[in-house]
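Here is a friendly walk through a two-chain model, written for someone who likes to know the cut-offs behind each term. Please keep the structure open while you read.

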Amino acid sequence: MAIFTARNRHGGLKRYYDVNGWLFIGPALVLIAIFLLYPIVQSLTLSVYSGRGMMMKFTGFGNLVRIYNDPIFWKALTNTITFFIIQVPIMIVLALIIANALNNPKLRFSGLFRTAIFLPCVSSLVAYSILFKSMFSVDGIVNRTLIGLGVMDQPINWLTDPFWAKVLVITAITWRWTGYNMIFYLAALQNIDRSIDEAARIDGVPSWGRFFYLTVPMLKPVILFTTITSTIGTLQLFDEVYSLTEGKGGPSNATLTLSLYIYNLTFRFMPNFGYAATISYVIVVLVALLSFLQFYAVRERR
Amino acid sequence: MDRLPLKTWTLRAAWVGASLMAAAPAFAGEITIWCWDPNFNVAIMREAGERYTKAHPGTTFNIVDFAKADVEQKLQTGLASGTGNALPDIVLIEDYGAQKYLQSFPGAFAPMTKKIDYSGFAPYKVQLMTLEGETYGVPFDSGVTGLFYRRDYLEQAGFKPADLENITWDRYIEIGKAVEAKTGKKMTTEDLNDGGMTRIIMQSGGKWYFNDDGELDVTGNAALKGALDTQAKMVKAGIVKPATGWNDFVKGFTSGDVASVVTGVWITGTIKAQAAQAGKWGVAPTPRLDMAGATNASNLGGSSWYVLAKSKEKDEAINFLGAIYGKDIDFYQKILADRGAVGSLTAARSGAVYQQSDAFFGGEQVWQRFADWLAKVPPVNYGIFTNELDNAVTANLQALIAGKPVDAVLKDIEEQAKTQIQ
């Protein structure tokens with residue numbers, strides 16, 4: 001009898017906490033359901049339809065077959081992966097080196113440098129793209145400077161040559177996002193006890209050794225985090241290429257990214273919302289796959 | 001002074017209110033309009049609005065100025081969402097995209113077959129706004145093209161205006177080489193990522209990306225082949241200053257960097273905005289391809305006004321378009337003189353302004369010339385996939401310039417286009 005009451009009372013308490021708990025997270029859940037879950041499910045439904053504008057017909061796996069046969073999709077995918085493979089490592093290494101240099105207590109004006117390097121990432125995406133476009137135009141300041149310095153005799157057609165256009169996009173996003181990643185490293189570095197570094201120094205470990213064998217391993221969780229966010233960011237690359245190429249991804253589709261292709265399919269070409277939704281799911285799968293691989297690569301080995 | 005009983009006041013107020021209410025549904029709304037180009041469409045719409053408010057003081061206009069790509073994006077998003085709130089009452093749509101919108105968003109635009117007299121408009125415009133016997137929107141401007149050139153540069157190189165009359169593209173390239181040798185200026189500027197030039201040359205040859213049945217016409221299309229060949233030749237001859245994007249393209253000829261440009265008549269306003277260059281410009285017919293059926297006339301762009309079916313001020317908007325764009329001849333004279341807008345209302349073509357000479361263009365009767373060329377523009381079927389084909393062409397143009405044979409390039413374009421148009 002006594003046990004029964006206790007159990008009963010316990011159950012009531014549990015229900016009391018359950019109800020209140022659900023009430024507290026209820027508003028958030030409703031918002032998530034409306035603005036996150038519904039669009040996700042809706043776009044999944046869309047991806048089995050195809051057609052012109054509002055004239056959609058059920059097509060089943062038709063969109064996947066179309067993706068397989070679509071050379072522009074493969075071109076966009078190759079471009080996106082090229083950007084990601086070249087740009088993310090460059091940016092991560094650069095951010096690590098800069099963060100390490102700025103963390104040096106002997107460095108003067110470190111606040112000034114930190115602000116200067118972080119500043120690009122608070123600038124507007126579109127504004128800086130437009131600025132880059134004018135700086136890198138055929139008779140822009142970059143070509144004139146390089147010719148003036150005697151680095152080359154002919155101006156580079158940054159925006160009309162397929163190779164240099166890719167270089168320009170990589171330069172632009174590296175400029176924009178290096179400072180952002182650097183801030184994470186700086187914050188993490190300040191949490192590392194200086195005595196560890198000092199002890200290694202007293203033991204005669206050279207500075208490159210301290211960087212590679214002490215600092216980098218201790219930054220591993222942060223490096224993982226920045227790599228994954230940068231990977232996602234690069235896979236979703238849109239604003240920069242849109243502004244630099246007036247939405248076309250030119251020259252010769254050399255800077256067309258998956259996101260830009262989705263945009264074109266929805267807004268510039270004959271609108272095919274179903275096909276565009278299918279391609280957006282390709283990005284989702286890619287991001288999931290790459291994030292898993294990165295987690296797997298840096299897992300704790302025991 | 002007034003000591004009327006309260007009851008009289010109430011009655012008067014009620015009467016005034018009732019009469020306002022009665023007039024309200026027809027002529028007291030705000031018409032929201034989306035369009036692009038502040039020097040052209042926006043300015044012209046302001047003029048039209050002012051004229052309409054003189055007769056209908058209750059009507060107000062909210063003309064929103066966007067970039068063209070933004071108008072299209074917002075329109076497409078709004079149409080897809082299915083709500084009318086996000087959309088304007090009137091929207092400007094470029095002719096190349098008209099059928100795309102009409103076919104893919106059925107019921108989104110207000111049919112106006114019974115409300116507007118279309119017999120006064122150029123038939124090709126009405127045709128591209130008609131779907132299954134029903135006509136939508138009111139035709140607006142034509143994009144008849146011309147060769148705009150700098151008299152001073154050409155003269156310096158030893159060419160008279162008569163030397164530019166009805167020339168072929170090969171002759172144009174020769175002249176371009178001479179101009180660069182003598183003046184150091186490039187003959188023209190082009191954004192190779194834009195399909196505009198391909199479309200101009202192709203239409204002057206009487207062809208489009210599609211045949212009359214709307215089927216893809218690429219590998220056997222002599223005019224398209226000529227258009228690609230011509231552009232590759234121009235680039236190889238070194239007479240083109242490469243442009244990156246529209247603003248850079250416009251800067252090329254407004255800043256005096258290049259000697260000429262071939263584009264639509266609607267650029268006149270932009271060229272004339274450079275007051276310091278008055279008298280230095282001239283206009284000649286569009287160069288033609290050296291092939292049978294090619295003409296010295298073509299078209300680039302041109303657009304029309306459409307009323308959204310879900311618009312709250314639908315009737316008022318249709319009434320406005322009909323009153324101004326449908327029959328106001330004086331309005332067409334004014335926008336032609338001020339903005340270089342060649343309207344597609346045929347009755348407006350006999351007006352006095354068409355006979356006027358323009359001091360900016362060295363005293364030439366430019367408008368009469370454009371009107372003459374307009375009559376010669378070969379009619380083509382724009383189809384519904386022009387943007388897709390533009391993309392396929394610009395993606396392969398670089399390979400042609402790099403030396404790939406033109407037939408192989410056409411084959412590549414067709415392959416890419418096939419997967420895109422479904």
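The report below goes from the whole chains to their domains, sheets and contacts.

Residues are numbered from 1 along each chain as its sequence is written, while chains are lettered from A and ligands numbered from 1 in the order in which they are written. This is a predicted model, in which local features need pLDDT of at least 70 and side-chain atom pairs count only at pLDDT 80 or more, while totals for chains, interfaces and linings use all residues.

**The two chains**

Helices (H or I, at least four residues) and strands (E, at least two) are DSSP runs, numbered from the N terminus.

Chain A has a radius of gyration of 26 Å, whereas a compact globule of 302 residues would have one near 19 Å.

Two residues are in contact if their C-beta atoms, placed from the backbone, lie within 7 Å. In chain A, 69% of the contacts between residues at least 6 apart in sequence join residues at least 24 apart. In chain B, residues 24 or more positions apart account for 77% of the contacts with a separation of 6 or more.

Domain bounds come from an automatic or database domain assignment. Chain A is divided into domain 1 (2-46) and domain 2 (70-297), and 40 Å separate their centres, taken over C-alpha atoms.

Two strands pair if DSSP finds at least two bridges between them. In chain A, β1 (residues 49-52) and β2 (residues 55-58) run antiparallel and are joined by four bridges. One of the bridge pairs puts A:S50 with A:K57 in β2(A). The two strands β1(A) and β2(A) form a hairpin with two residues between them, and A:G53 in the turn has a positive phi of about 55°.

**Chain B: two sheets**

Strands of a sheet pair through backbone hydrogen bonds, either parallel or antiparallel. In chain B, five strands form an open sheet with mixed pairing, in the order β2-β1-β3-β12-β6. Each of β2 (60-66) and β6 (138-139) of chain B stands at an edge with a single partner strand, so one side of each is left without a neighbour in the sheet. Within this sheet, β3 (residues 90-94) and β12 (residues 303-307) of chain B run antiparallel and are joined by five bridges. There, B:I93 has B:S304 of β12(B) as its bridge partner.

Helix α3 (residues 68-81) of chain B touches β1 (30-36), β2 and β3 of chain B, and its direction makes about 125° with that of β1(B). Helix α12 (residues 314-324) of chain B touches β1, β3, β6 and β12 of chain B, and its direction makes about 150° with that of β12(B).

A further open sheet in chain B has three strands in the order β10-β7-β11, with antiparallel pairing. Its edge strands are β10 (260-264) and β11 (281-284) of chain B, each pairing on one side only. Strand β7 (residues 145-150) of chain B is joined to β10(B) by five bridges, and B:L147 stands opposite B:V262 in β10(B).

**Where the parts meet**

Chain B is divided into domain 1 (20-142 + 301-350) and domain 2 (145-299 + 359-420), with C-alpha centres 29 Å apart. Here, 19 residues of domain 1 of chain B are in contact with 17 residues of domain 2 of chain B. Which element gives the largest share of the domain 1 side in chain B? That share, five residues, comes from α4(B).

Between the chains, 30 residues of chain A are in contact with 27 residues of chain B. On the chain A side, α3 (71-102) and α12 (258-268) of chain A are the elements that give two or more residues, and the largest share, three residues, comes from α12(A).

Terms used. Rg over C-alpha atoms; globule rule 2.2 N^0.38 Å. Axes fitted to C-alpha atoms, helices over the stretch in contact; angles between N-to-C directions.
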